[in-house]
Each structure stands twice: as C-alpha cells, then as structure tokens.
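Open the model in your viewer and keep the selection panel at hand. The stops below go one by one, each with something to select and something to look for.

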Amino acid sequence: MIGRLNHVAIAVANLAKATETYRDTLGAEVSKPQAEPEHGVTVVFVNLQNTKIELLEPLGDSSPIAKFLEKNPSGGIHHVCYEVDDIVAARDKMKAMGARVLGDGEPKIGAHGKPVLFLHPKDFCGTLTELEQA
Ligand code: CO
C-alpha cells in the first residue's frame, strides 16, 4: 500500500548549523529556510536524488518538536513519511488492522499542501510515521 519514501524529518536545535552540515560536510543541495508558523517549525529541505530530508527547527511556543528536542538535545530522526495514493483508504485499512491514527484521525493539509496523517509510533516500530497523499 505505501509507495515512495517522501521524506525523513530530522529535528534539530540549530537549523543554521544543521544546514551547514548537510551542505558543506555531506555536499547536499539544500533549500533556503522556510518558516511554517502553522506547523510550528522552520524547515530546510535537503534534496537528494531519491527522496528529501527535512531539517526541522522549532518555531514559536507550541512547536510539536519542542518536546522531542528536550529528550534528544542533539537532534534526531523525528518521523518518516511514505506516499499513498488514497489517504482515507489507507487510514481505514490501517485502523482496521489495529493501528492508531494521531489527532482526530482526519487528514490535515501538510507542509507540501497535500493531505497528511500521522500514525502512532508504538504501532510502527517506535517510529512516528506520516502518510502523505501523493
Ligand atoms: Co513530514
């Protein structure tokens, strides 16, 4: 059911430093920082040939990644995002299999302007998992 790996999101405390690491040490193509106040993050996109890495820095007081960084002060993988053709069908199938969908269970418009859902990490090998309708 899942298709391509859309992105891996890495939470970072210092976006400028993380961007330097990806651009200068790893030699990757990086975007300019993009503030997304409605998602509580500033994002830099690292464009790889087969997927993207999203470097996320907290923005504002109620950032969804603030707690994660408290527990992981040097940063870490926050979630992975897989593409699906039909997000409602994917959700219904996963719920029927016993997986928990976070929030009210309804798809939200994500950072790429497409419907997304998050699945409970305890049901997916300890990894917060995002689905995006491609
Ligand atoms: Co994401």
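A residue counts as buried when its relative accessible area is under 20%, as exposed when that area is over 50%, and as partly exposed in between. Keep in mind that this is a predicted model.

**Stop 1**

Colour strands E1 and E9 next. His7 lies in E1 and Glu130 in E9, so this pair ties together parts that are 123 residues apart in sequence. Is His7 buried or exposed? His7 has a relative accessible area of 1%, which is under the 20% limit, so it is buried. Glu130 is buried as well, with a value of 6%.

**Stop 2: helix H1**

Select residues 15-25, which form helix H1. Look along the axis. The buried residues here are Leu15, Ala18, Thr19 and Tyr22. They sit on the same side of H1, because they cover an arc of only 100 degrees around the axis. Turn to the other side. Ala16, Lys17 and Thr25 are exposed there.

What covers the buried residues of H1? Show the strands to see part of the cover. It includes E1 (5-11), E2 (29-30), E4 (41-47) and E5 (52-58).

Now go to the ends of the helix. At the N-terminal end, select Asn14. Asn14 caps H1, with a side-chain oxygen 3.2 Å from the backbone nitrogen of Ala16. After the helix, select Gly27. Gly27 follows H1 and has a positive phi, near 70 degrees.

**Stop 3: Thr42**

Stay in this region and select Thr42, which is placed in strand E4. Thr42 has a relative accessible area of 11%, so it counts as buried. Show its contacts, leaving out residues up to four places away in sequence. Thr42 then touches Leu15, Pro33, Gln34, Ala35, Leu55, Leu56, Glu57 and Leu59. One of these, Leu15, is among the buried residues of H1 from the previous stop.

**Stop 4: salt bridges**

How many salt bridges does the structure hold? There are six.

Begin with Arg100 and Asp123. Their side chains meet in a salt bridge, 2.9 Å from N to O. The two ends come from distant parts of the chain, 23 residues apart. Arg100 is in the loop between helix H3 (87-96) and strand E7 (108-109). Asp123 is in the loop between strand E8 (115-119) and strand E9 (129-133). Both ends count as partly exposed: Arg100 has a relative accessible area of 42%, and Asp123 is at 27%.

Move to Asp104 and Lys108. Here the closest N and O atoms are 2.9 Å apart. Asp104 counts as exposed at 55% relative accessibility, while Lys108 counts as partly exposed at 45%.

Finish with Arg91 and Asp92. This salt bridge has its closest N and O atoms 3.0 Å apart. Arg91 is buried, at 10%. Asp92 is partly exposed, at 39%. Arg91, Asp92 and Glu106 are linked in a network of salt bridges.

**Stop 5: the cysteines**

Select the cysteine sulfurs. How many disulfides does a search of the whole structure find? The search finds zero. Cys81 is in no disulfide, and its nearest cysteine sulfur is that of Cys125, 16 Å away.

Cys81 counts as buried, at 0% relative accessibility. Cys125 counts as exposed, at 81%.

Cys125 is found in the loop between E8 and E9. Check its backbone too. Phi of Cys125 is near 60 degrees, a positive value in a residue other than glycine.

Key. Residues numbered from 1 in each chain as written. Predicted model: local features only at pLDDT ≥ 70, side-chain atom pairs only at ≥ 80, totals over all residues. Heavy atoms only, no water. Disulfide = S-S within 2.5 Å. Buried < 20%, exposed > 50% of the residue type's maximum accessible area, 1.4 Å probe, protein only. Helix = DSSP H or I, 4+ residues; strand = E, 2+ residues; numbered from the N terminus. Arc of directions from axis to C-beta. Contact = heavy atoms within 4.5 Å. Polar contact = N/O pair within 3.5 Å; in protein donor to acceptor, adjacent residues only side chain to side chain. Salt bridge = Lys/Arg side-chain N within 4 Å of Asp/Glu carboxyl O.
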